[in-house]
Each structure stands twice: as C-alpha cells, then as structure tokens.
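Here's a quick look at a few local features of this model. Have the structure open as you read.

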Amino acid sequence: MTRYVTGRLAQMVIVLFIVSLLIFFGVRITPTDPIASIAKGKQMSAETIAALKAEYYLDRPLTEQYAIWMKGMILGDLGKSYQYRERVTVLLAGRIGTSVQLVFMSSILIFLLGIPLGIISASRKNTMTDQSLTIASLVLVSSPSFFTGMILMLLFTLVIPIFPTFGIGSGFVDNIRYLALPAISLAAVLLALTMRMTRSNMVEQLSSGYVQMATAKGLTRRQVVYKHALRNSSIPILTVSSLQIAGMLSGSVMVETVFALNGIGSLLASSVNKGDYPVTQSITLMMVVVFMTFNLIVDIMYGVIDPRIRLGGGRKHEA
Amino acid sequence: MSALLEISGLSVEIMTTRGLINPVREVDLTIEKGMAHGLVGESGCGKSVTARTILGLHERRLVRVKGKVMFEGKDLLSLSEKEMEKIRGRRIGMIFQDPVAALNPLFKIGDQIAEVFTRHFGDSRAAAKKKTLELLERVGIMPAEARYNQYPFEFSGGMLQRVVIAIAIAAGPPLVIADEPTTALDVTIQAQILDLLQELQRELGLAILLITHNFGIVSEMCDVVSVMYAGMIMETGNKNDVLLNPLNRYSKALIDSIPSRGAAGQAMRTIPGTPPELFDHYEGCPFAPRCETTMGICRSKRPQLEALAPAYGERHFAACHLPTFTFEKEAIGD
C-alpha cells in the first residue's frame, strides 16, 4: 500500500510539472496587459512602467519567469498580485475560508440528499416516488447554476425573505445562513447527477445474484439494500461524487460571482479579466492539486472497499 | 408420510417489458417430509419460476399469483413480506445455480454464512462465528478458520457452491430448494456436490426440491419426480415408476432422448420442435404440436393430472389424453 501511494505521489509531481507549463504559457497567451492591470487606468511614465516591469519580473525572458514562479512555489511564495499589489498567499488566506465553506456545504447536500434519494429511487423502481424524483432531477440537471442562483435570489428576496441573498455574514452560524442559497445553487446540478448515478448503479446491483441470495437468506429488505447492494455500488458512487466535489471549486467561480461572495472563485474570475498572472496561475494550479488529491484518496478507498483490489485477486467476476 | 409443502392450482403471471407472460399454469405439487423431489423440464418450462414463487422472490408489483402454497400450515402466498423474511433462510433454504453470482464479492465467506445465525437466531458475532466454523467443516471447507476470512474470489466454483449449500442449511430448515445446483460447475465437481447434498439430506432429514433438466441427477438423488412442460406438470410419481414407465407422451419422449451408453454409434433421439412461447395462450395440451400421436381432444381440452394406470405405481399421476400404454393404432385412427 505504501509503495502504491509513493508511486502515485511521484506520478502527481510529474503531472503537476506538465500542468504548470500549460497554465503558465496558457495565461500568457490571453490578450491582456498586466501593466494596465497594475496601473488601474492611470497614465504612467516610461520609467515607472519599466520599474514596475522589473518589480514583477515582466522584463525577464519567459523561461526565467517560469523558473522564478516555480522556485517561489516550492518555497511557498506564490508571487505578488498585480491588481491588489499584495502577496498572493495573503490574498488567498483571506478568501479561501469562504470557498471551502461553500464547497463543504454543497458536498454535504450532495452526500445527504443525492445519494439517499438515489437509493430510495432505485429500491422503489418505477413507482410514483421514483418517477417524481426522476422528473425533479431532470429539471435540476438542465438548469445551470447561475440560473438556479438567480431564481433562488428572486424567490428569497421577493417571496419568502428568510435567507440573505449576498455577502457572507459574520460568525459561523451566520455564515451558514448566508451561504445557504449559494451552496444550493452550486450543488443543484451535481446533486441531481449523483442521484441519477446512484439510482442506476443501485438498480443494477439490486437485480444481481447476491442480492437474491441475501433475500433468500431471509435478510430484511433494509439489510439487503443498505448492507449488501449499497456496499457494491459505493465504488462508482464514491468516484463520481468525489470528483464532482473536487470540480466544484471551479463551479464556485460562477456562483460566487452571482452572489457577490469574496471567495477564491470570484478572485479567479477577476484575475483572469485583469490579466493578473500570479493569482490566476496559483488558483488554477491549486484546483489541479485538489482534484488530484481527491482522485488519489478515491483510489485508496477502492482498496479499502474491494478486497479484490486490496489483495490483488486474480479472478475477477462481475458482481 | 405427510406433506411438508403442498402447492395447488398455482399460476404465475409476470409483467415483462415484452408483455405479460404466463410461465406457471395451474401447477399442483406435493413435497413430503424428508423426500427429495425432482422437478424436471426443458429451459423455460417454469421450474425456476415455481421455486422463486414458493419463496416469494419475485417483485410483488410485477407478478400476479393465483393458487395456494401451503407450508407448515400457512399459505405462503398470503403472507406479508415481513412474515416471508422469517421463513426464507429459516424454514426454507435456497441453493442457486451460479455460486459465483450468488455470493457477495465484497464480504468474507464466513460472514456471509454467519449472517444467517445473527439474523434468525439473534446470535452474537462470536457465537455465529463458532457455528459457522463447524458448518464450514461439515460441508468440507477446510481449514475452516483460514477459509472463514477469505473472499469469494479466492474460492473455486465448487467450493463456492459448498458455501451456498452451507448458507441454505445453516438455520436447519426442513426444506431446501436447489435450483440447478450443479449446472454451472465442472463435470468432475458436480458429483462431489451431489454427494454432499445427498449426505446432508439423509443426515438432517431434509426435504429437497431439486430443479434440474438432467434425468441422471434425478435417478441418483430423488425419491419422487415431477415432469414440467410449458408451465404445466405433465407427470408425477415415484422416481422408478416414472423413469421406467412414463405415462405422459412428453415424459416418455424426454426420457427416450437421454443418451445411453449402450446406444453408442446410434443417432441421438430428440424431440422435434420447440416449447411454446410463454406469451401464447392455448387450449388443450401444450405438448400437442410436438407430440407424435395426437387426437382432436389434445388440441381442444387441457388434460388434468390423473391416476391413469394404478398398475404402474401408486401415487403416479399423469396429464395425458392418450397415455403411452394405450394402443396406438386405435388412437391414430381417431
């Protein structure tokens, strides 16, 4: 197991290197002018511009700029933001809490609603319950998060004003209240997808031989569904839902913008617009790291759940 | 002798995506205590559906069942799902055809057996484990302690079928239903599994409903045999009576098509045609279209199980308008 994880970590380093190149050059292909972002529209003399370029290493060749960025990354220095003229680490530290809390709340919604509803749908296949849930999930899947967000805002400002529609509030409990609507709009599509995926997987498992055997043993329906079938569905469910959670960081760009939240997502959006290279690079790379870490955790979980993977079983049969 | 399971007038209709099918049509079947009862027929004749109906394994919403399944004084068809859960595994065990599919790939072999003890007797984990270890040895899985902790993928098909048998008999049920228990296994393993089943049957006084398409297995294992065709019981009686003197034309054709060693070099006898579709509705005998000797009545009136020839065995019943002992020329002239 240790060997496997070490191998995977080494792989991650290689992938990160390649991705960092893509990000670095990708950001610089965009038609934005970093100096304009620093100047914020003010007129500047040629000397000032030269001085600024020197301060942000923009006068160096690209390869050297890349080397400086990499060296900084390794030493924990993400560079300095052009638009805020502040260290990126400080900037991120002030905003990451909001995004993490938002993603966390959405994840809870996905796990506590998406998966259980999928299971209920599967174990009552083709009943009214199943069909209503199917229709609801289709509606959710086909409405993008910014649209859901705006509908929720309208609903809760005009009709039942119980949730605040923008800002973050102060204190943990207040945060939850403020972040409720953004979390719902961020989770909606993914929740519906998780539910559909859970349903189709559970339907498949519930029609398999070992489920019949478990029933023939006299186990209760609850034991058959939650102990036997769910365990066998958990690998695909876990894979998809954890990748969705990792992907929510990028989904938060839209939602944070709609709800005017000061998180990582809205920071990324403005950095891309303003040509703020260091911030854009850092956040993008951070998202990649999060995504890869989730992937690794899921792969380790496979072994925990499935003895055939853990023990390297030769004969693999369809469950 | 007293009846343990008494099925009467059992009809099953199942809603499928292709329409309503009718795989079991007015079946009567009696299983005596401690007897091995073979249920023989071609694929799709309704044997497995009958077995699954006894245990109520069909999804209730999609199935319409008529008739009675009397077991230990109760009509199983009238029981609620909760009541059936207490009968399955506890009073009636089930052995499935494919042991690889029947065991959960993610659970330890031992835990899958122990589940029966914890579920039906409320045993503690330790007590259930102790009973399981004894049971593993009894069905020939050794060393039990080490095998307990292994997973299905570490077992061969034959060993897995022993596990399935262990699960079926764990709670000491008086009746075990074995649905083609050796069909998915290698020929060399089949005999071992059948021997084990036979030993257990004698030792525990089990009644077995053995579903198979193989008369060889019937002649080795069973006391009583019933022949099924297109959802109907065509003939039933003591094994020797039926095998030596089949009364029903279908049973006879089926028994005649068993390849025998003496017949080496001769062409194998087959029954021309295929069984009717399960969707079809027909009057008369379902075998009439394939039967060598039919009369008008065969196509218009369904034959009932009757004691046609008491000379060929007590409790020997067949459903045939023109049983095999009838003078054939007379019939053809009809």
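B:Ile92 has B:Leu175, in strand 7 of chain B, as its bridge partner. This is a predicted model, where local features need pLDDT of at least 70, side-chain atom pairs count only at pLDDT 80 or more, and totals for chains, interfaces and linings use all residues. Residues are numbered from 1 along each chain as its sequence is written, with chains lettered from A and ligands numbered from 1 in the order in which they are written.

Strand 6 (residues 92-95) and strand 7 (residues 175-179) of chain B run parallel and are joined by four bridges; strands are DSSP runs of E with at least two residues, helices runs of H or I with at least four, numbered from the N terminus, and pairing takes at least two DSSP bridges.

Over in helix 5 (residues 125-138) of chain B sits B:Glu134. It's exposed because 10 other C-beta atoms lie within 10 Å.

| Helices of chain A | Angle | Axis distance |
|---|---|---|
| helix 10 (residues 221-258) and helix 11 (residues 264-274) | about 90° | 7 Å |

So helix 10 of chain A is roughly perpendicular to helix 11 of chain A (65 to 115 degrees). Axes here are lines fitted to C-alpha atoms over the stretch in contact, and angles run from 0 to 180 degrees between N-to-C directions.

Methods. Angles under 35 degrees count as roughly parallel, over 145 as roughly antiparallel, 65 to 115 as roughly perpendicular and the rest as oblique. A residue is buried if 20 or more other C-beta atoms lie within 10 Å of its own, exposed if 12 or fewer, and partly exposed in between; C-beta atoms are placed from the backbone.
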